[in-house]
Amino acid sequence: MSRAVRVVGLLLVCLLAIAGCSTLADLQKLGSEVESAGYDNVNVNHNITNGHSLLVIKATRDGTISSADAEKVAEIAWTKYPGDFDELQVVLNGELKLTAGPDELKSRFGERPAELAESSSGGVNIVAIVGILLCGAVVAVTLVVVWRRSNRPPPRPNQQYPQAYPPQYQQPYQQQYQPQFQQQFQPPAQPQYPPQNPPPAQQ
């Protein structure tokens with residue numbers, strides 16, 4: 001069963017990876033949006049610690065960085081990123097320029113687009129669902145195969161049957177019974193007749 005536990009654990013990791021694929025794609029898309037706005041070395045992270053969801057956007061730009069740059073990046077995150085978060089941090093050129101929550105961002109930039117609200121508040125990710133169903137089917141099949149193998153009876157050992165006439169018994173048998181057989185079944189001697197005189201010659 002240890003092998004089955006390892007297989008199930010690996011498949012559960014795959015399930016978690018598939019579930020996080022959509023979030024990773026959204027982060028990459030957000031980073032591309034920030035780069036398109038004129039920023040370099042963009043790094044986007046979305047972490048959850050003790051139930052607190054933190055979205056951090058780091059980027060660099062030549063020249064002087066102002067609060068307007070931080071506002072611009074925050075607006076991109078609020079209007080382009082579909083994930084929910086409790087806090088947004090914008091770090092530009094290594095300095096923390098903006099920290100805001102959803103309520104503050106809403107007061108600055110208005111309501112989020114409807115498609116983002118649906119995606120973050122209960123939208124269905126078809127790719128993730130299909131991947132989870134496939135992995136669940138693989139888990140079920142793997143468990144059935146492992147269960148059948150564990151309950152399969154062990155193979156029978158190859159049985160070696162004794163020979164009809166073992167060699168160790170052939171020689172004593174021949175030595176014991178062959179002389180008696182020869183004495184008992186000797187062919188009878190042919191009778192010996194007296195010699196006969198040849199018939200007289202006729203004149």
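The structure is a predicted model, in which local features need pLDDT of at least 70 and side-chain atom pairs count only at pLDDT 80 or more, while totals for chains, interfaces and linings use all residues. Residues are numbered from 1 along each chain as its sequence is written, and side-chain values use heavy atoms, with hydrogens and water left out.

An open sheet is formed by 4 strands in the order β1-β2-β3-β4, with mixed pairing. Strands (E, at least two residues) and helices (H or I, at least four) are DSSP runs, numbered from the N terminus; two strands pair if DSSP finds at least two bridges between them. The edge strands, β1 (40-49) and β4 (95-100), each pair on one side only. From one strand to the next, the twist averages 15°. Strands β1 and β2 (residues 52-60) run antiparallel and are joined by 8 bridges; Val-44 has Ile-57 in β2 as its bridge partner.

Helix α2 (residues 67-80) packs on the sheet and touches β2, β3 (87-92) and β4, contact meaning heavy atoms within 4.5 Å. The direction of α2 makes about 135° with that of β3; axes are lines fitted to C-alpha atoms, for helices over the stretch in contact, and angles run from 0 to 180 degrees between N-to-C directions.

Strand β3 contains Glu-87. The residues touched by Glu-87, not counting those up to four places away in sequence, are His-52, Ser-53, Leu-54, Leu-55, Thr-99 and Ala-100.
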